[in-house]
Amino acid sequence: MRAARLMSLVLLLQGRGGMTAAELARELEVSERTVHRDVLALAEAGVPVYADRGRGGGYRLLDGYRTRLTGLDRAEAEALFLSGVPGALREMGLQEVAATARLKAAAALSPGLRDAPATAAQRFHLDAPGWFAGDDPPPAALAPLARAVWKDRLVTAAYKERTRTLEPYGLVLKAGAWYLAARSRSRFLIFRVDRFGPVEVGDTGFDRDTGFDLAAFWAEQANWFTRSLLRTEITLRLSPRGVRLLRHIADPAALAAALDSLQPDGTVRLAVESDEVAFGQVLRFGPEAEVLAPPELRAAVAEAATRMAGLYGTGQARTAGWRWSSRSPGRSPGRSA
């Protein structure tokens, strides 16, 4: 642990030219006393680090000194390509490896480019989870599965009350949920990580199928899954405004087929997940859609419309003294231009 910290200290000084003890302590997440001890240890080991006194002082490396520790090992090189998703790195336990890889990459840059990482970080930031998503801890199975994925090791795991032996090929983070792509009995399958029970990583490796493409496999499985959810179909007659709303209300997997079915009078066939989902989607159209089929859905929407008419029929009396605010509770935080 200390060896990695000493290397990080040298790379920080090489990449930034000079830093105070307080700045180094903040970057390395240690005390200033620890920084002073580490600098002394580096000097005793022959690293030409020295302290500038006075205002604007700090620790520096002798001009022209370049460490030979900038080469990336395999783990660091792999983690470097995941640096854009810090949350995922943290949950898989790879944040320290990635931090060292970034320092090495920065130290290898020419002096004129050493501010590039900080410049990019101040201009682009990835925040993948949706609004109001809970900051839940990662599934307990994620860390051992991640180790097995990186090392191509067989795992024995409990999944849905069954014990399985799997060849873990890759992990996918989708909308805050982790999924494992693995081969079981010559078949590639998707497993949701938070549904795993105890996971045991074996000492036995497996030979990866070199033709396996994780991104392509996930896209194929995701498309199949979304299509499989669309189990029923409804028929609507849409107004011109309803046709425009269709793109915002229909399930993305159903939109293309719905637009293909659109008739000049606004009649459209829309695939939906269930009767309950269909009911909610139709209500979002408001008066811009009429249900033509099935009759049960038409009756349910008619009943809802009757109840709503009762609620709003005496609108002036009910809303006396109440004014609409342009700031709705559902708005996202922050300002927009």
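Helices and strands are taken here as DSSP runs, numbered from the N terminus. The structure is a predicted model. By this assignment the chain has 14 helices and 10 strands. Of its 337 residues, 31% are buried. The chain exposes about 22400 Å², and carbon and sulfur atoms supply 53% of that area. Among contacts between residues at least 6 apart in sequence, 59% join residues at least 24 apart.

Phe 206 is placed in the loop that runs between β7 (196–205) and α9 (214–229). The relative accessible area of Phe 206 is 9%. Because the limit for a buried residue is under 20%, Phe 206 counts as buried. With residues up to four places away in sequence left out, Phe 206 touches Asp 152, Arg 153 and Leu 154, and also Glu 167, Pro 168 and Tyr 169. Glu 167 lies 39 residues from Phe 206 along the chain, yet the C-alpha atoms of the two are separated by 6.9 Å. Asp 152, one of the residues touched by Phe 206, follows helix α8 and has a positive phi, near 55 degrees.

Helix α8 itself spans residues 142–151. Its buried residues are Leu 142, Pro 144, Leu 145, Ala 146, Ala 148 and Val 149. The C-alpha atom of Pro 144 is separated by 9.5 Å from that of Pro 198, a residue 54 places away along the chain. Pro 198 lies in strand β7. In contrast to the buried Pro 144, Pro 198 has a relative accessibility of 68% and is therefore classed as exposed, the limit being over 50%. Apart from residues up to four places away in sequence, Pro 198 touches Thr 156, Ala 157 and Ala 158.

Two helix pairs that share α12 were examined. Two packed helices are described by the angle between their axes and the distance between the axes. In the pair formed by α12 (residues 275–285) and α13 (residues 295–312), the axes come within 10 Å and cross at roughly 50 degrees. At this angle α12 is therefore oblique to α13. The crossing of these two helices is right-handed. On the α12 side, the contact is made by Ala 278, Phe 279, Val 282 and Leu 283. On the α13 side, Leu 297, Ala 300, Val 301 and Ala 304 take part. By class, the contact of α12 with α13 has eight nonpolar residues, no polar residues and no charged residues.

In the second pair, the axes of α10 (residues 240–249) and α12 likewise come within 10 Å, and they cross at roughly 135 degrees. This angle makes α10 oblique to α12, because the roughly antiparallel class begins over 145 degrees. The crossing of α10 with α12 is right-handed. Gly 242, Leu 245, Leu 246, His 248 and Ile 249 of α10 make the contact with Gln 281, Arg 284 and Phe 285 of α12. By class, the contact of α10 with α12 has four nonpolar residues, three polar residues and one charged residue.

Key:
Residues are numbered from 1 along each chain as its sequence is written. This is a predicted model: local features need pLDDT of at least 70, side-chain atom pairs count only at pLDDT 80 or more; totals for chains, interfaces and linings use all residues. Side-chain values use heavy atoms; hydrogens and water are left out. Axes are lines fitted to C-alpha atoms, for helices over the stretch in contact, and angles run from 0 to 180 degrees between N-to-C directions. Helices (H or I, at least four residues) and strands (E, at least two) are DSSP runs, numbered from the N terminus. Angles under 35 degrees count as roughly parallel, over 145 as roughly antiparallel, 65 to 115 as roughly perpendicular and the rest as oblique. A crossing is left-handed if the near helix is turned anticlockwise from the far one by less than a right angle, and right-handed if clockwise. Contact means heavy atoms within 4.5 Å. Ala, Val, Leu, Ile, Met, Phe, Trp, Tyr, Cys and Pro count as nonpolar, Asp, Glu, Lys and Arg as charged, and the others, Gly among them, as polar. Buried means under 20% relative accessible area, exposed over 50%, partly exposed in between (1.4 Å probe, protein chains only). Accessible areas come from the Shrake-Rupley method with a 1.4 Å probe; for residues, only the protein chains shown count as cover.
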